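Please keep the sequence and the structure in view while reading.

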Amino acid sequence: MLSLTGSAFVRQDERFTVPISMRIRRRLPIPLAVLIIVGALALIVTLRKQAPPEPARLLPGADGFFYVNLKWIRTFATGKLPAVSREAEYQKFVEETGFQFERDLDQAAFAVHYPQSWGGGTGGSASEPRFSEVFVGKFDSGRLAAYLKKVSSSVEDYRGFDIYNIPLEGRTVRVVVLGYNSVAVSNHPNPDVIHGVLDRSRKLASPFGGPSLLRRFYRKVPLASLSFAILRVQPNEMSSLSGMGSWSLLFPKPAVAVISGRFIRAFHLRAEAFTNSEADARAITEKAAAFLNLFHAAESSVGTQGTDADVKTFFNSLKVEQSGDRAILTAIVPPGFVRKVLTEAPPDAVAPESPAGPGPGPNTPRKQSLAPPA
């Protein structure tokens, strides 16, 4: 029986409205949870796009960076890379540490330090570029430490870690074992550089970490790239240095080059030059197009009989274009071409297998070292 009093109507209202509100509250968490999951996934993808790989984030501030994921690249070469030619010093390193570059290295990240005279480079007083590296792979820490101790002139204790100082060609190469699967190396004249790498490795991984140049331009690297390079191009200074002088042929003025490669049914290469003006980008585009035209003209003059189909497909896919203040070059490398490059090694490069072990030593000859020339 319903009461006509105001209070009765209120109680009657409460008996009907409370169950309804409870049902609404039970239904709200489902769509809310879906929205939270979608938002979290979008945030993860965004952060992943902007965050360089962890080995690269450990590197110090520098003028150029290079990263390669050899673990994934090996999948396109039936499990391993071509054997590295072993001269006496490198063979000794393999025997004592058990490490094989083509089998045991999974990731490598490099930082390039220009001399300070190169427009304020990060290499300090060095007269030539210096390098810092982080290697990730299958290491035998005990064997590696024993080898490094033997070839080093001194060992520095830094926050409980041994930093091995190894003399090499008038420079000091500093090596520290960061963990069970990672090693850092640097021949920068300032010991604080290797200290900084070690300090960063002790902190929790952060997608916002890493050197400023790397963070700024890594967002230009396509997602899922297996390898990339970010480099400040100083054409005038580079022209005097063997191995880097070719940059001055394409770049009339300083710029930043971003080069990447990823595998989507085929290996997609992309190189972008970020310049200070549309005129600079146009100059680079025109020079690159001229080189491509010369190549195609030479190819046509000698005929195409006997040309490898995969190689021909690669060169035919090369394209260069301008977009505002950027010059962009793209190419598609067929899987067959990638496998040939990775698996066809010269006969003298084949060497017997040795047990798995730690990464490359800083005292190995230049042509076998994982790092750029010291």
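## An enclosed helix

In helix α8, the buried residues are Val-193, Ile-194, His-195, Gly-196, Val-197, Leu-198 and Ser-201. Buried means under 20% relative accessible area, exposed over 50%, and partly exposed in between, with a 1.4 Å probe and protein chains only. Helix α8 spans residues 192-201, and seven of its 10 residues are buried, so it is largely enclosed by the rest of the structure. The cover over its buried residues includes β2, β3 (130-137), β4, β5, β6 and β7, where contact means heavy atoms within 4.5 Å.

## Basis of the model

The model is predicted; local features need pLDDT of at least 70, side-chain atom pairs count only at pLDDT 80 or more, and totals for chains, interfaces and linings use all residues. Residues are numbered from 1 along each chain as its sequence is written, and side-chain values use heavy atoms, with hydrogens and water left out.

## The chain as a whole

The protein chain contains 14 helices and 12 strands. Helices (H or I, at least four residues) and strands (E, at least two) are DSSP runs, numbered from the N terminus. Of its 374 residues, 42% count as buried. Among contacts between residues at least 6 apart in sequence, 67% join residues at least 24 apart.

## Nonpolar cores

A nonpolar core is a set of buried Ala, Val, Leu, Ile, Met, Phe, Trp, Tyr and Cys residues joined through side-chain atoms within 4.5 Å. The largest such core has 31 residues, of which Phe-135, Leu-148 and Val-175 touch the most other members. Elements that each supply at least two residues of this core include α5 (88-97), α7 (141-151), β5 (161-168) and β6 (171-179). A second, separate core has 27 residues, among them Ala-62, Val-134, Phe-217 and Val-258.

## A buried histidine

His-113 is located in strand β2 (residues 105-113) and counts as buried, at 1% relative accessibility. Its side chain makes polar contacts with the side chains of Thr-122 (3.1 Å) and Ser-132 (2.9 Å). A polar contact is a pair of N or O atoms within 3.5 Å; within protein, one must be able to donate a hydrogen and the other to accept it, and residues adjacent in sequence count only if both atoms are side-chain atoms.

## Salt bridges

Side chains of opposite charge can pair when their charged atoms come close. A salt bridge is a side-chain nitrogen of Lys or Arg within 4 Å of a carboxyl oxygen of Asp or Glu, and the whole structure holds nine of them. Asp-63 pairs with Arg-232, their closest N and O atoms being 2.6 Å apart. Asp-63 lies in the loop between α3 (54-57) and β1 (64-69) and Arg-232 in strand β8 (residues 225-233), 169 residues apart. Both Asp-63 and Arg-232 are buried.

Asp-199 forms a salt bridge with Arg-159, at 3.1 Å between the closest N and O atoms. Because Asp-199 lies in helix α8 and Arg-159 in the loop between β4 and β5, the pair ties together parts that are 40 residues apart in sequence. Arg-159 counts as exposed, at 64% relative accessibility.

Most residues other than glycine have a negative phi. Arg-159, however, has a positive phi of about 50 degrees. Arg-265 also has a positive value, near 70 degrees, and lies in the loop between β9 (255-264) and β10 (266-274).
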